[in-house]
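Here is a friendly walk through a two-chain model, meant to be read with the structure open beside you. Please keep the viewer at hand and turn to each place as it comes up.

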Amino acid sequence: MLRYLLNKFALLIPTLVGITICAFAFVRLLPGDPILAMAGEHGVAPARYEELKQQFGFNLPIWEQYARYVGEVATGDFGVSISSKRPVLEEFKTLFPATLELSFFAMVFAMVIGIPAGIFAAVKRGSWFDQSLMGTALVGYSMPIFWWGLLLIIFFSGYLGWTPVSGRIGLQFFFKPITGFMTIDSLLYGKWDAFRSALSHLVLPAIVLGTIPLAVIARQTRSAMLEVLGEDYVRTARAKGLSAARVIGVHALRNALIPVVTTIGLQVGTLLAGAILTETIFAWPGIGKWMVDSIFKRDYVVVQSGLLLIALIVMAVNLIVDVLYAVINPRIRAA
Amino acid sequence: MSQTEIAPMAAGSPDRLTGLKTFWHYFSVNRGAVIGLFVFILLVLAALSAPLLAPYAPDVQDKTAFLRPPAWQQGGSTQYLLGTDPVGRDILSRLLYGARFSLLIGAVVVTLALTGGITLGLLAGYFRGWVDVAIMRVMDLILAFPSLLLALVLVTILGPGLFNAMLAIALVLQPHFARLVRAAVMAEKSREYVVAAKVAGAGHLRLMLATILPNCLAPLIVQGTLSFSNAILEAAALGFLGLGAQPPTPEWGTMLASAREFILRAWWVVTFPGLAILITVLAINLIGDGLRDALDPKLRRS
C-alpha cells in the first residue's frame, strides 16, 4: 500500500513541474510584451515599465525567472490582481468555497439520482425504464450545459418565477462566512430565510452543473452493475437463498461501485470546466466566473495563478481518488 | 447472432465487403445508431445546401422585424418560420448556415487531433523508453487541466476566433488519441504478425503505419466520433463565452451568446440554436455508441 502511494506521488512530480511551467509560460506566450499585457489597457509609463521589469524579473535569464516563479509559488505568493489590487490567493480563498459548494451539491444531485437509477436500470435490463433512462442519459451527456442553464432560467425563473436568476443569496442577507458554504453558514447563524434564499439560488446551477456527471454516473453504474450481476459470486449468493435486495445491495453493488468511484473522481475536471459555464450563466461568484472575467479584463496575473491553482486542485483530487481506489480495491495495492 | 446466416451468403464476395456487411449488421442492430446516422446525414445535407434551403442570407437584417416570434406563435408570420433575432435576422437561415460551422469544427478538430494523437501515440508505443516517457508526461500534463479551461487559456494566447478555437480544442482532445494508440500499439507490437513483418525486413515506418496501425483502428474510430461531438460542444461553449467564432458568424454558440440578454423576453432566440447543438451532438453520440457495439468484439452481443 505504502509503495503504491509512493509510486503515485513520484508520478505527480513531473506533472507538478509541468503545471508550473505551463503557468509560467502562459504570461510569456501572450502576444506582445508581458508587462504591457499585464498592465492592461491603461498602459504604463516608461519609467514604471523599467521598474516593473525589474520587479517581475523579466530582465533575468529565462531559467532564473522560472526558478524565481517556483520560489514565489512555493511560498504561497501568487501575485497581486491587476484589477482589484488584492493578492490573488486571497481572492481565490474567498471565491473557491462558492465553487466548492456548487460542485458539491451538483455531485450530490448526480449521485443521489444517478447511482440508484443505474442500479435499477441494470436489474431491470431491457425494460421500459432501462431504455428510457439510457436514452435520457445520452441526451444529458450530449447537453450543451450553457444552453440547458438558460432554458431552466427561462422556465423556472422567468415563466414560473420560482427561483432567482442569478447570484448566491438575496442581497438583504449578509453574514461573515464560517465555512464559506452559504447553505451551511445561514443555518449556523440560525437564519431560516437566508437558508431558503441560498438554497433557491443554488438549485438551478447545481442541476445544470450536475447534469453531465449524472448522465455519466448513471451509465457507468448500469454497465458496472450488469457486469457484476453476471459473476459467479452473485449467482452463489442467490443460490444461498439470500434476498434479492441483499444480493444486489451488498454483493453486487460493492464491487460495481469500484469503477463508479473512479468515474466520479474523473468528473472533477468536468465539474470545474462546467463551473466556468455554469457560474457565468448564473453570475455565481466562484472561480470559474473569476477566470472568465479575468480573461476579459486582461488580468493575466489572475489567469496565470488561477490556472495553476485549479490544476493543483484537479491533481489533488485525482490523487485522493487513486488512494480511495486502492482502499476499496485490494487488487490495485498488490500491483 | 445471425452471423452463420450471413457467412455463406458473403462467402464469394471479397473480404472487404464481408467486413462491411458484418459491420452494418452489428451497427444496424442498434436502432439509436441508425437514427443518429440518419439525422447526421440530414444535417450534412442541410449544411451543404444551406444557400438553397435558407430563405435569407445569414447576415441580412430586416429593420422592421426585430425579435419576431416563430410562425406558430401570436405575432409570428410564415415569413420568418423560427422568428428573428434582436437585429432582425432570420433564425432559421442562421441555423442552417451554422450547421456548416459546427460540422466544419468537428471535422477539422478531429483531423488535427487524430493526426497528432496517432503520430505521438505510435512513437511512444513503438519506441518506448525516453520517447514514451517524454510524450506521455506531456499528455498527462494536458489532461491535468480541465479541458475547457485549457482551451480558454490557449485561445487567450492565440487570440479569439474560430480557427484558434479549433486549434485549442484539437490540442486539448489530442491526448485521448495518443493514449489509445499507444496502448493499442503496445498490445499489438509483440503479436506474431508484427514479428513476422519485422523478420521479413519491414522498416520502422512500415511496421508502425502499415502493419500495426490498421489493427488499432476500431477504438480510434469510436474515440474520433466522440471527439467530433465534444469538439462541437466545446467550440460552442467558447463561442458562447465570446472567445470562439466572433459575431456576426452564425455559429450556434455565438448565436446563443448574443441572445443571452433577451432570454426572458424572447425564448426562441435562445431555444433554437441550443436545440440545434443538442440534436447534432446527440446524433453523433448515438452513432458513436453504435460504432462501439459494432467495432468492439468484446462488447458484441454474441
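Among contacts in chain B between residues at least 6 apart in sequence, 68% join residues at least 24 apart; two residues are in contact if their C-beta atoms, placed from the backbone, lie within 7 Å. For chain A, 71% of the contacts between residues at least 6 apart join residues at least 24 apart.

Before going further, a word on conventions. This is a predicted model, in which local features need pLDDT of at least 70 and side-chain atom pairs count only at pLDDT 80 or more, while totals for chains, interfaces and linings use all residues. Residues are numbered from 1 along each chain as its sequence is written, and chains are lettered from A and ligands numbered from 1 in the order in which they are written.

**The two chains**

Chain B has 13 helices and zero strands, and chain A has 14 helices and zero strands. Helices (H or I, at least four residues) and strands (E, at least two) are DSSP runs, numbered from the N terminus. The table puts the chains side by side; a residue is buried if 20 or more other C-beta atoms lie within 10 Å of its own, exposed if 12 or fewer, and partly exposed in between, with C-beta atoms placed from the backbone.

| Chain | C-alpha span along principal axes | Buried residues |
|---|---|---|
| Chain A | about 85 × 55 × 40 Å | 39% of 335 residues |
| Chain B | about 75 × 50 × 30 Å | 47% of 302 residues |

**Where the chains meet**

For the complex, the predictor gives an ipTM of 0.87 and a pTM of 0.87.

**The core and its surroundings**

The largest nonpolar core has 181 residues. Such a core is a set of buried Ala, Val, Leu, Ile, Met, Phe, Trp, Tyr and Cys residues joined through C-beta atoms within 7 Å. Those with the most contacts inside this core are B:Leu149, B:Ala151, B:Ile169 and B:Val181. Leaving out residues up to four places away in sequence, B:Ile169 touches B:Val109, B:Ala151, B:Ala231, B:Glu234 and B:Ala235.

Now look at B:Leu171, found in helix 8 (residues 162-189) of chain B. B:Leu171 and B:Ala151 are 20 residues apart in sequence and 8.2 Å apart in space, C-alpha to C-alpha. Is B:Leu171 exposed or partly exposed? B:Leu171 counts as partly exposed because it has 18 C-beta neighbours inside 10 Å.

**Local features worth a visit**

Helix 5 (residues 88-123) of chain A has 36 residues and reaches 50 Å from its first C-alpha to its last, close to the 52 Å expected at 1.5 Å a residue. The expected span is 1.5 Å times one less than the number of residues. This helix 5 of chain A bends by about 30° at A:Leu95, and a proline, A:Pro97, follows within four residues. The bend is the angle between axes fitted to the seven residues ending at a residue and the seven starting there.

In the loop between helix 4 (62-74) and helix 5 of chain A sits A:Lys85. Phi of A:Lys85 is near 65°, a positive value in a residue other than glycine. A:Lys85 counts as exposed because it has 7 C-beta neighbours inside 10 Å.

A:Arg298 lies in the loop between helix 12 (287-296) and helix 13 (300-328) of chain A, and its phi is near 55°, a positive value in a residue other than glycine. With 17 C-beta neighbours inside 10 Å, A:Arg298 counts as partly exposed.

In chain B, a cis peptide bond joins B:Pro247 and B:Pro248, with omega about 5°. B:Pro248 lies in the loop between helix 11 and helix 12 (252-259) of chain B.

**Confidence**

The mean pLDDT of chain B is 86, and 92% of its residues reach 70 or more; pLDDT is the predictor's confidence in each residue, from 0 to 100. Over residues 1-13 of chain B, pLDDT stays under 50, and the model has eight contacts beyond four places in sequence for them. Where pLDDT is low, the predicted coordinates should not be read in detail.
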